[in-house]
Structures are given as structure tokens and as C-alpha cells.
Amino acid sequence: MAEKTERIVLADLDDGVRGAVADARERVARLHGELIRWGLVVWTAGNVSERVSVSRPDGSVERTDLFVIKPSGVAYEELTADNMVVCTLDGDKIEDGTPENLTPSSDTAAHAYVYRHMDRVGGVVHTHSTYATAWAARREPVPCVLTMMADEFGGEIPVGPFALIGDDSIGRGIVETLSGSRSPAVLMANHGPFTIGVDARAAVKAAAMCEEVARTVHIARQGGEPVPIEQDLIDRLNDRYQNVYGQH
């Protein structure tokens, strides 16, 4: 019989980790409001998570084996930093100071799988935004016909496999699809978009951009077939946006 793993207690962790968890909880709670602001969610659907990273006195940043995620089925107006759930990278809730019966999102196993297998990822978002989900329902990738798509996604927004909710099947599909892609978004078949980023804010941005381009390309197709951008131009646009555009 396997030994039971001792449960992690947040209050027993060092000051740096506890502070990083508190900061992540604040960010994740606030960023759920951005999903509402950009019209990406309805009712209690959708979720944001962020992997906890600790800034050490020597200037280094240490990725922990913890992440913060929305509790399952809780209304957005009731979300606060205090009820954000803290989990291990196995998807298990730690003793984080929230009530025992406050369970993490039903997509927790998917988020955990992504964090375990894509070390560059620090934030994951899932929505059922209308236009992106419509493309997912058709199992059709969004073609790269806009400079905004070349900038943010580096090509088309790909479709991932059909997967049931509840275990790590969705996470496996996300990792398999995005590991060979520059896109921070995947349309899981018949389900909806999942996005990744270096942190939760970047993943939320990708979710908003995903819905915007899905809507625009849908509208463009009402007037005819959109014209794809040539790959060398996509590469140049993506390089400029990712490495030159904005403040550094």
C-alpha cells in the first residue's frame, strides 16, 4: 500500500512563499474581473490560474510547485483573494486557509498538467467565449488572415482534441497541441479556448485577443473568403511584436 503524501500547510511555508501566494491570489482574483470586462464568460464558467513564483533577495525568481486557481462554481462577484484556492502541481488542494469544502475549479487537473509539462508557462486561462467556441464547435482552426493574429499568435489558432472534463485529458491535449506552436491559444474541440502565458495576465490577454480575432475572421467570411498572410510575413510580424513593440 502506497504511503499517503503529507498535505502541505500554507502557514508552515517560508515568508517568501507565503508572500508570493498572497500576491498571486490578489492577481488571480482581480484578473477574473477582466474576463467579465471583455465579455469572455457567463455565469460561473471559465477560470484563471497562476503558478506561484518567489522573488528572492538575490534577484533570482524561483518557480514553486504551487498554483492559485478559482474555486469551482463560485459567482464572479463573490471572488476575492481570500477564496482563491492553492494547489500543488498534481492538482491537489493544500491547507491554504480556505474552508475544507471549497473545492478548486473543475479544470484544475488540466491546468496542473500544463504547469507540469510546460515550464515556460506561468498562467492558464479557460473561457467559453462565443466566437472562439463557435470555431471549436466546428473543430476548425482560425486561419492567420490578420496582422493582429500574426503578432499575438504567430500563425493560426489551432484546434486540440476532444477531451472530457475532470481528469488531465484536456491538459494533455493542450500540451500536445501547443508544444509545437507559437500560439498561446488552443481551441479544444467542441469545448472552447484555453490560453497560456508567462503569467496569468498574459494568458488573459491571449484569451481576449483570441475572441477578438475569432469574431473578426467570422465576420470577414460573411463577405467572402479571407486572404491568408504569407508565412514569411507572419514570421516578420511576430518577431517585431514579440521583440520590438512596446516597452522593455
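**Loops and charged pairs in a predicted model**

Arg139 is partly exposed, with a relative accessible area of 49%.

Where does Arg139 lie? It sits in the loop between α3 (130-137) and α4 (147-153). Look at its backbone too. Phi of Arg139 is near 55 degrees, a positive value in a residue other than glycine.

Now go to Trp43. Its phi is also near 55 degrees, again positive in a residue that is not glycine. Trp43 is in a loop as well, between α1 (15-37) and β1 (47-55). Is Trp43 buried or exposed? Exposed, because its relative accessible area is 79%.

Next, Glu100. Find the loop between β3 (85-88) and α2 (108-117); Glu100 is there. Glu100 has a relative accessible area of 61%, so it counts as exposed. What does Glu100 touch, once neighbours within four places in sequence are set aside? Arg7 and Lys93. With Arg7 there is a polar contact, side chain to side chain, at 2.9 Å.

On to salt bridges. Side chains of opposite charge can pair when their charged atoms come close. How many salt bridges does a search of the whole structure find? The count is 16. Here are some of them.

Take Arg25 and Asp96. Their side chains meet in a salt bridge, 3.4 Å from N to O. This pair links distant parts of the chain: Arg25 is in helix α1, Asp96 is in the loop between β3 and α2, and they are 71 residues apart. Both residues are buried.

Then Asp119 and Arg51. The closest N and O atoms of this salt bridge are 3.4 Å apart. Asp119 lies in the loop between α2 and β4 (123-126), and Arg51 in strand β1, so the pair ties together parts 68 residues apart in sequence. Which partner is buried? Arg51, because its relative accessible area is 7%. Asp119 is exposed, at 53%.

Arg215 and Glu212 form a salt bridge at 3.2 Å, N to O. Both lie in helix α6 (residues 200-222), three residues apart, about one turn of the helix. Arg215 is partly exposed, at 32% relative accessibility. Glu212 is partly exposed at 32% too.

Salt bridges can also share partners. That is how Asp14, Arg56 and Glu62 are joined into one network.

Conventions: Residues are numbered from 1 along each chain as its sequence is written. This is a predicted model: local features need pLDDT of at least 70, side-chain atom pairs count only at pLDDT 80 or more; totals for chains, interfaces and linings use all residues. Side-chain values use heavy atoms; hydrogens and water are left out. Helices (H or I, at least four residues) and strands (E, at least two) are DSSP runs, numbered from the N terminus. Buried means under 20% relative accessible area, exposed over 50%, partly exposed in between (1.4 Å probe, protein chains only). Contact means heavy atoms within 4.5 Å. A polar contact is a pair of N or O atoms within 3.5 Å; within protein, one must be able to donate a hydrogen and the other to accept it, and residues adjacent in sequence count only if both atoms are side-chain atoms. A salt bridge is a side-chain nitrogen of Lys or Arg within 4 Å of a carboxyl oxygen of Asp or Glu.
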